[in-house]
Amino acid sequence: QALRQLQAVSSDQDEEVLPLGAVLSQLPVDLPMGKLLVLSAVLGLEDELMTIAAALTVQSPFLRVDPGSPAATLRQTFSSEEGDAFTLLNVFDEWIRVKAARESGKKWCQKHGVEEQ
């Protein structure tokens, strides 16, 4: 795996490290996460992609709930066709909205089956 990662950041001919590889080597994260963070700056999506990066490095915030429970139904509103990372982003964005509106984050988390952190 280390060889594949080296090939991803070096040129094919003489294994010279490319500029992206030089930047990635300075980051205290693995290569895929580093690429995500660098691309977030290039694309102007720092907030969104840093939120996703953070969410992917910790345990899932979702509590176990019964499939037919109100929390499970409410949780479906955050689901994204793009995958779990975007579902987590949707949950975080809604939690921020709730907190900004000075609503109870604790009640919102309980209602939606999300662990309050």
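Guide: Start with Gly21, which counts as buried at 5% relative accessibility. This is a predicted model, where local features need pLDDT of at least 70, side-chain atom pairs count only at pLDDT 80 or more, and totals for chains, interfaces and linings use all residues. Residues are numbered from 1 along each chain as its sequence is written, and side-chain values use heavy atoms, with hydrogens and water left out.

Visitor: Why is Gly21 called buried?

Guide: Buried means under 20% relative accessible area, exposed means over 50%, and partly exposed is in between (1.4 Å probe, protein chains only). Gly21 comes to 5%, so Gly21 is buried. Gly21 is found in helix H2. Its C-alpha is 9.7 Å from that of Gly34, 13 residues apart in sequence.

Visitor: Which residues is Leu20 in contact with, leaving aside its neighbours within four places in sequence?

Guide: Contact means heavy atoms within 4.5 Å. On that basis Leu20 is in contact with Lys35 and Val38. The C-alpha atoms of Leu20 and Lys35 are separated by 8.3 Å, and the two are 15 residues apart along the chain.

Visitor: What makes H4 roughly perpendicular to H6?

Guide: Two packed helices are described by the angle between their axes and the distance between the axes. Axes are lines fitted to C-alpha atoms, for helices over the stretch in contact, and angles run from 0 to 180 degrees between N-to-C directions. H4 and H6 pack at about 110 degrees, with their axes 9 Å apart. Angles under 35 degrees count as roughly parallel, over 145 as roughly antiparallel, 65 to 115 as roughly perpendicular and the rest as oblique. Therefore H4 is roughly perpendicular to H6.

Visitor: Which residues make that contact?

Guide: H4 brings Glu48, Thr51, Ile52, Ala55 and Leu56, while H6 brings Ala85, Phe86, Leu88, Leu89 and Phe92. They divide into eight nonpolar, one polar and one charged. Ala, Val, Leu, Ile, Met, Phe, Trp, Tyr, Cys and Pro count as nonpolar, Asp, Glu, Lys and Arg as charged, and the others, Gly among them, as polar.

Visitor: Asp93 is found in H6. Is Asp93 partly exposed or buried?

Guide: Asp93 is at 43% relative accessible area, so Asp93 is partly exposed.

Visitor: What makes a pocket a pocket?

Guide: A pocket is an open set of points on a 1 Å grid over the protein atoms alone, with protein on both sides within 12 Å along at least five of seven lines; lining residues have an atom within 4 Å of a point. The largest pocket has 16 lining residues, and Ala55, Pro61, Phe92, Glu115 and Gln117 lie nearest its centre. H4 (46-56), H6 (84-100) and H7 (105-112) each give two or more residues to this lining. H6 gives the most, with four. The lining divides into 11 nonpolar, three polar and two charged.

Visitor: How do you know that Arg102 is exposed?

Guide: Arg102 has a relative accessible area of 78%, so the label is exposed. Arg102 is found in the loop between H6 and H7. Its phi is near 60 degrees, a positive value in a residue other than glycine. Most residues other than glycine have a negative phi.

Visitor: Why is Ser80 called buried?

Guide: Ser80 has a relative accessible area of 15%, so Ser80 is buried. Its place is the loop between H5 (70-75) and H6. Ser80 touches Phe86, Thr87 and Asn90, not counting residues up to four places away in sequence.

Visitor: And Gly113, buried or exposed?

Guide: Gly113 is at 4% relative accessibility, so Gly113 counts as buried. Gly113 sits in the segment after H7.

Conventions: 1 Å grid on protein atoms, 1.4 Å probe; cavity = no way out; pocket = protein on both sides within 12 Å on 5 of 7 lines; lining within 4 Å.
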